[in-house]
Amino acid sequence: APERRQDFIRQIVRDDLASGKHAAIRTRFPPEPNGYLHIGHTRAIWTDFGIAQEFGGRCNLRLDDTNPAKEDPEYVRAIQDDVRWLGFEWAELRHASDYFEVFYLAAEKLIRQGDAFVCDLDADEVRAYRGSLTEPGRESPYRNRSVEENLDLFRRMRAGEFPDGARTLRAKIDMTSGNINLRDPALYRIKHVEHQNTGNDWPIYPMYDYAHSLSDSVEGITHSLCTLEFEDHRPLYDWCVDKVDLPNHPELIAPLVAKGLPFEAAKPRQIEFSRLNINYTVMSKRKLMTLVDEGLVDGWGDPRMPTLQGIRRRGYTPEALKLFVSRLGLSKQNSLIDFSVLENTLREDLDSRAPRRMAVLDPLKFVLTNLPEGHEETLTFSNHPKDESFGQRSVPFARELWIEREDFAEVPPKGWKRLVPGGEVRLRGAGIVKCDEVVKNEAGEIVELRGTLDLESRPGMPGADRKIKGTIHWVSAAHAVEAEVRLYDRLFTVPNPDTDEDGKTYRDYLNPDSRRSVRGYVEPAAASAAPEQGFQFERMGYFVADRFDHRSDAPVFNRSVTLRDTWAA
Ligand code: ATP
Ligand code: MG
Ligand code: MG
């Protein structure tokens, strides 16, 4: 049974359903398609889609495209891909620009009600009139224009008669309000810019608060869930919803009906929760865009990026991410989560989900001289030590093996449990071997080990349980497949790369070792994996077959996370 979550938003929803305030709930996830979604968005997605799902409601995916900045279809595709990857599906896909006509009709209504006016102050003047936190603002000299004059000017704004910035439509609220957002905020600005969806239809564009509140209202959103920075905007949000009053003015929605768009106007309630912040990373689309544009990473989907596309390629699972955000829950308190909490959640998820395989990342040849030339056999390994349902697999074993170079030490440090000249070690699942000879090249480098397999120690033999200190992994040299293994690590070296101290920015804290590529060998049952299949390579960490580059005959694996936290102090 799913755990019963008790955060304050779920409690509000539960109460609203119990009291009959809403028969069913509706939410929306409203990203601006100006970049890729990142880990932080998972909290919003899990909240918007998750709550709707849990309470039998509906959640829309709404692309908030009121800014006629370039909305790349690439972003729109990635956003949809990411939401589905996390396991959610939207009731309807909407664009805020679908509602431009509604916003316009609503603005005329506000003008007729005396709640909005056309203002001729330029941006600098507006700022000067606005006042500050300690000083009340002053009313615009254009504030008392007649309804007729306002209507005429607004229609001419819409007709494209005035240049950019010449006029704005402003709400008439209160220039002395302690909340600066209520000091006659702009509702519309003039911008002769082509819009990705509406082309050149509109020389005026609605401002965020106005468009967002009305979009929620048009879609019949009952609970508009957003992050804490919008708390101060809530009075304006409510003002727009109440003054326009869509549920009681179906004529404003007539253009949508004409287009055949289903709608169900409602009075939405905005509720804020804190953003998800994680150390050792940056999570703002603007900064992530900079990393991409300056070529500091390999695009938005670089496995080191905190984008959902990036961490997906890195081998994070939707389950790990949802477990992570659900454990953190929702609150009104901003906090910075330790990156290791995310990594530990991934380890925990993959420990139960990832089949085991053997891979040697820094190969050293080991020849078992007491096995006949050409000897080979097939061993049976279980795929998961704690879960029989994972079944078993065949692992080829032969006279020549690859072992991990770091599992041998000519001069062992204190406490060494692995292979030394003349010493013994257990080969995982195969038996105990002894190193008899160290072969070096002219430069004195070790190129091969030669040794013997204790035939009495093989699985099923009487000596199989003989006590031995170390166990190492291996692959059969003749059967293993050469693979590219990309060893990823954190992108930044400091917990807070975002502080602009000493003239440094996050760019100065990039981890130079965040990506290394090695060539190793993987057992056949790893090579044949499908892209995006994750494994634990025994003793080496969790790895995933690369989503785009992996092929069975040319395997590519990405390290998702090490087995243990190597960053802990
Ligand atoms: P960014 O600052 O990273 O560009 P944003 O808030 O501008 O993010 P939007 O695309 O507008 O990004 O976000 C869509 C939704 O996701 C919003 O409701 C926003 O509040 C939420 N969201 C964005 N970042 C986070 C985060 N770090 N934690 C929780 N929710 C977030
Ligand atoms: Mg935004
Ligand atoms: Mg932003």
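This is a predicted model: local features need pLDDT of at least 70, side-chain atom pairs count only at pLDDT 80 or more; totals for chains, interfaces and linings use all residues.
Helix α2 covers residues 39–54. At 1.5 Å a residue, its 16 residues should span 22 Å. The end C-alpha atoms are 22 Å apart, in agreement with that expectation. Of the 16 residues, 14 are buried, so α2 is largely enclosed by the rest of the structure. Gly56 follows the helix. The phi of Gly56 is positive, near 65°.

The shell around ligand 1 draws 4 residues from α2, which gives the most to it. Strand β8 (223–227), like α2, supplies at least two residues of this shell. Among the 14 residues around ligand 1, those that come nearest are Pro31, Gly40, Ala44, Thr227 and Lys285. By class, the shell comprises 6 nonpolar, 4 polar and 4 charged residues.

The largest nonpolar core contains 84 residues. Helix α2 again gives the most, here with 7 residues. Within this core, Ala359, Trp474 and Val475 have the most contacts. Beyond its neighbours within four places in sequence, Trp474 is in contact with Met358, Val360, Leu401, Trp402, Ile403, Leu427 and Arg428. Another core, of 40 residues, lies apart from the largest one. Its members include Leu153, Leu214, Val218 and Phe263.

An unreviewed UniProt entry places the feature "domain: tRNA synthetases class I (E and Q) anti-codon binding" at residues 471–546. Over these residues the chain is 5% helix and 39% strand. The end C-alpha atoms of residues 471–546 are 29 Å apart.

Note on methods: Residues are numbered from 1 along each chain as its sequence is written. Chains are lettered from A and ligands numbered from 1 in the order in which they are written. UniProt positions are given in the numbering used here, feature names are shortened, and annotations may be inferred rather than shown by experiment. The expected span of a helix is 1.5 Å times one less than its number of residues. A residue is buried if 20 or more other C-beta atoms lie within 10 Å of its own, exposed if 12 or fewer, and partly exposed in between; C-beta atoms are placed from the backbone. A residue is near a molecule or strand if its C-beta atom, placed from the backbone, lies within 6 Å of it. Ala, Val, Leu, Ile, Met, Phe, Trp, Tyr, Cys and Pro count as nonpolar, Asp, Glu, Lys and Arg as charged, and the others, Gly among them, as polar. A nonpolar core is a set of buried Ala, Val, Leu, Ile, Met, Phe, Trp, Tyr and Cys residues joined through C-beta atoms within 7 Å. Two residues are in contact if their C-beta atoms, placed from the backbone, lie within 7 Å.
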